[in-house]
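Here is a briefing on one protein model.

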Amino acid sequence: DTLSACRLRSKMLAKQLDHVDMEIEREEEAGNVAAVSRLQAVSSRLCTELEREKELELRLALTLKQNLVELWQIETEQERYDILREQLQKDEEELQMQYQEEREARIWKEKITALQAEGTRRTREKREEEARREREERNKKLLEDAKRNHEKAVCFLRQSMARIHEKNAKEEAKAQEHMERRIQAVLSLKTSITSNRERLQTLQILNKAKALEAKKEEMKMREAILAEGGNAIREVFLHKRQQEHEKRKEAFRELQKSRKMEIVSRILQERAAVHKQRKSQSPTKAVKAHCFVLLNVQVIEICLKIAQTTSKHETVENNFLLCLQNLCSFTKAVALSISLPQDVLWERGDEDTERDKTLLVPEFPGLWSQEYYLHKVPKAEDPAQLAIRAVRKQMAKKKMEKLQAGILPKQTVPAQEHKGCAFHSKPSCIHFKDFDVGQIYKKKIVLTNACYSVNYCRLVGISEWLKDFISVDFDPPGKMSSGMSCEFLVTFKPMINKGLEGEVMFMAQTGSFSVPLKCTVKTCMLALDKELIDFGSLVVGETISRPISLTNSGALGARFK
């Protein structure tokens with residue numbers, strides 16, 4: 001249809017082209033140039049359309065031929081499929097025959113199983129009937145037994161209920177007595193509260209009266225001082241300070257008396273413990289230990305008398321008493337090491353408890369807490385070694401005095417002198433960034449000896465306001481040569497969401513230095529990628545767009561508009 005329509009259009013276009021050619025000839029004869037040009041344009045347009053229709057006709061004829069070839073191929077394939085369809089129908093018929101035979105065999109088997117099931121059902125019914133009869137007989141026996149047991153249970157229940165009623169009556173009587181006692185206690189407490197309230201009121205009245213009297217005396221004192229022309233405020237302040245000093249002095253005297261009594265009681269306990277230990281020792285060692293302890297006890301008593309006679313300052317006497325306690329524990333430890341051999345053990349029982357109460361275990365750990373053989377006499381040393389040791393002690397003492405005075409030695413090598421900090425830290429600043437409250441953060445810092453000689457390093461501490469959040473784990477490395485390094489660990493446990501700044505302070509042989517420490521909270525840092533939006537030159541009515549990127553480089557989110 002499309003090909004015939006195309007041919008029809010091409011014929012019509014050919015007729016129109018012939019008609020236009022005739023018109024062109026007629027107009028040329030007439031000499032009408034405008035009509036000739038217009039007709040020539042129409043002729044050219046008709047020629048192009050005619051060529052297009054011919055091309056379309058050729059394409060349609062080609063596609064028609066291809067379709068015919070495909071149709072012939074389909075018809076050949078359809079004949080081959082007809083043969084396959086006939087074979088398939090034969091196969092289906094054979095399959096139906098097989099299904100029929102299998103169905104008949106299955107029906108026969110089901111009939112046999114149904115007969116067998118009928119036989120099993122009849123036998124099961126017989127068994128159920130026999131079981132039902134047995135169950136009925138057993139139920140009759142159970143009912144008879146239940147009646148007899150019920151009668152017995154009723155009898156026992158009556159007896160138990162009588163006992164429970166008696167017990168409840170006794171408990172109610174006890175509860176009544178307890179309630180009466182509580183009521184009496186509450187009443188006595190109420191009376192005592194009222195009496196104490198009255199006493200408290202009287203005490204408050206007395207305190208107010210004393211305060212009024214003190215104010216009156218203070219006013220009289222101020223008037224007298226003002227009449228004499230003195231400084232009333234200063235004199236009143238000095239008077240109050242003197243009264244507070246006397247109160248503190250009286251309290252310290254009481255504390256001193258209690259401490260003296262405690263020291264004396266401990267000495268007596270130690271004497272008793274030594275007396276018990278002496279029984280399990282050899283006679284000669286016991287005599288030596290007793291003499292040693294008596295000698296030290298006499299020394300302690302003499303020191304106590306000196307402390308009582310020379311107690312002019314509170315701090316001096318307090319430190320002296322602590323030294324006496326340490327001396328007492330040390331003498332007892334020495335006496336035990338001299339008198340007791342290593343294989344003698346403490347007796348069990350009451351001696352263990354008395355040993356814990358004595359000062360045999362010192363209050364302050366020192367050299368005596370380590371196991372040394374104090375009973376062995378050291379060998380005589382070489383005088384040259386003693387002299388060298390004395391010279392070294394003097395040199396160390398001079399160095400310490402220079403360090404305390406702020407005189408630091410210069411670190412020099414040939415033609416060079418080291419200036420600046422003796423140790424360099426890596427990183428240079430300990431920075432805990434974007435922390436969360438409740439978490440634990442750790443950083444390892446490396447200290448390197450940057451001076452030209454052997455140096456030491458020890459931890460002094462951290463800033464006061466960082467002690468609740470920062471802890472430093474530093475093991476002093478001892479002598480460090482030039483270029484050697486050591487490590488320390490800084491642990492940060494934030495409790496508040498607030499920025500902190502401080503420093504970790506160290507002391508070296510060449511002076512003190514510090515490593516700065518900073519803790520910053522999460523913040524939002526918004527930034528644009530352009531500072532100026534330049535659209536350049538453009539025409540009126542034109543639309544130009546420029547993208548802008550807003551970036552948050554911080555750890556905290558933020559809203560914007």
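H2 passes H3 in a right-handed crossing; a crossing is right-handed if the near helix is turned clockwise from the far one by less than a right angle, and left-handed if anticlockwise. The model is predicted: local features need pLDDT of at least 70, side-chain atom pairs count only at pLDDT 80 or more, and totals for chains, interfaces and linings use all residues. Residues are numbered from 1 along each chain as its sequence is written, and side-chain values use heavy atoms, with hydrogens and water left out.

**Helix H2 against helix H3**

- Helix H2 spans residues 33–228 and helix H3 spans residues 232–279. Helices (H or I, at least four residues) and strands (E, at least two) are DSSP runs, numbered from the N terminus.
- The two pack at an angle of about 135°, with their axes 9 Å apart. Axes are lines fitted to C-alpha atoms, for helices over the stretch in contact, and angles run from 0 to 180 degrees between N-to-C directions.
- That angle makes H2 oblique to H3. Angles under 35 degrees count as roughly parallel, over 145 as roughly antiparallel, 65 to 115 as roughly perpendicular, and the rest as oblique.
- H2 contributes Glu218, Met221, Arg222, Ile225 and Leu226 to the contact, and H3 contributes Ala232, Glu235, Val236, His239 and Lys240. Contact means heavy atoms within 4.5 Å.
- By class, the residues of this H2–H3 contact are five nonpolar, one polar and four charged. Ala, Val, Leu, Ile, Met, Phe, Trp, Tyr, Cys and Pro count as nonpolar, Asp, Glu, Lys and Arg as charged, and the others, Gly among them, as polar.
- Valine 236 sits in helix H3. Valine 236 is buried, with a relative accessible area of 6%. Buried means under 20% relative accessible area, exposed over 50%, and partly exposed in between (1.4 Å probe, protein chains only).
- Not counting residues up to four places away in sequence, valine 236 touches Glu218 and Arg222. Valine 236 and glutamate 218 are 18 residues apart in sequence and 7.2 Å apart in space, C-alpha to C-alpha.

**Helix H1 against helix H2**

- Helix H1 (residues 2–30) packs on H2 at an angle of about 160°, with the axes 9 Å apart. H1 is therefore roughly antiparallel to H2.
- The H1–H2 crossing is left-handed. Its contact has 18 nonpolar, five polar and nine charged residues.
- Serine 43 belongs to helix H2. Serine 43 counts as buried at 11% relative accessibility.
- Leaving aside neighbours within four places in sequence, serine 43 is in contact with Leu17, Val20, Asp21 and Ile24.

**Cysteines**

- The disulfide count is zero. A disulfide is a pair of cysteine sulfur atoms within 2.5 Å.
- The sulfur of cysteine 486 is 5.4 Å from the closest cysteine sulfur, in cysteine 457, too far for a bond.
- Cysteine 486 is buried at 8% relative accessibility, while cysteine 155 is partly exposed at 40%.

**Backbone geometry**

- Most residues other than glycine have a negative phi, and most peptide bonds are trans.
- A cis peptide bond joins lysine 426 and proline 427, with omega about 0°. Proline 427 lies in the loop between strand E3 (423–426) and strand E4 (430–433).
- Aspartate 434 has a positive phi, near 55°. Its place is the loop between E4 and strand E5 (441–449). Aspartate 434 is partly exposed at 25% relative accessible area.

**Whole protein**

- The protein has seven helices and 12 strands.
- Of its 561 residues, 17% count as buried.
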